[in-house]
Amino acid sequence: VTYESEQKKCDDCDMIVHSYYVEQYALNSDQPNAEKINQKLADYYEEHLAMGQGMGEGLTEEDISYMHAMSYDSSYNFTYKVSDIQTIGHYLEVNFEGYEYMGGAHGYPLRDHLLFDLSTGELVSLKDLFSGSESIFKSIVAEWTLKDYQSGQKGYFEADSDEAFEQSVFDAVTFEHGMYFTNEGVVIEYA
């Protein structure tokens, strides 16, 4: 894992007004399809590095004055780190976590999960792994999420009824959402 980071300070004091930290993962070159996978990981890294660097480009004097007036750290910040790497059969999973903050009450967490087929070097999506239709997939995720919700798990918004909750999950889920693997199975992330 390599990284790039930078901090920009106020011209008038040592207060940090913008910072970023972005990690890049690369397979050892002796791994199967390493060149192909590493190019995709490099593209992903460059995209997120540009996001981190770009956050500070639009800072105005008014933004910096606001930061000085706040009683808490309100500097623009972008962090993106490799959180987990695992091999599952012929798949390589690389997970990222981060946080972006651009003022206000709170920032936004970031999570991305990349799954590579080591035998081809290709990125794999939920659609590649699930042989049924998207509608069947949505129904399965909605059903299991409803069971989790009914078991009292925290982190869900209240719904008027179980049917309304299940329908809202069905409507939200697509093949485009993130996934990662645990010892218990696959986790689908959606909002």
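A: Let us start with burial: a residue is buried under 20% relative accessible area, exposed over 50%, and partly exposed in between, computed with a 1.4 Å probe on protein chains only. By that reading, Y44 and Y80 are both buried. This is a predicted model, in which local features need pLDDT of at least 70 and side-chain atom pairs count only at pLDDT 80 or more, while totals for chains, interfaces and linings use all residues. Residues are numbered from 1 along each chain as its sequence is written, and side-chain values use heavy atoms, with hydrogens and water left out.

Q: How many aromatic pairs does a search of the whole structure find?

A: A pair of aromatic rings is described by the distance of the centres and the angle of the planes. Rings of Phe, Tyr and Trp (its six-membered ring) pair if their centres lie within 6.5 Å, and planes under 30 degrees apart count as stacked, over 60 as edge-to-face and the rest as tilted. Searching the whole structure gives nine aromatic pairs. One of them joins Y44 and Y80, a tilted pair with 6.5 Å centre to centre and 45° between the planes.

Q: Which residues form one aromatic cluster?

A: The cluster consists of Y44, F78, Y80 and F96.

Q: Where does the charged end of K81 sit?

A: A charge sits over a ring if NZ of Lys or CZ of Arg is within 6 Å of the ring centre and within 35 degrees of the ring normal. Here the charged end of K81 is over the ring of Y21, 5.6 Å from its centre, and K147 lies over the face of W144, at 4.5 Å from the ring centre.

Q: How many disulfides are found in the whole structure?

A: A disulfide is a pair of cysteine sulfur atoms within 2.5 Å, and the search finds zero of them. C10 is in no disulfide, since the nearest cysteine sulfur, that of C13, is 3.8 Å away, too far for a bond.
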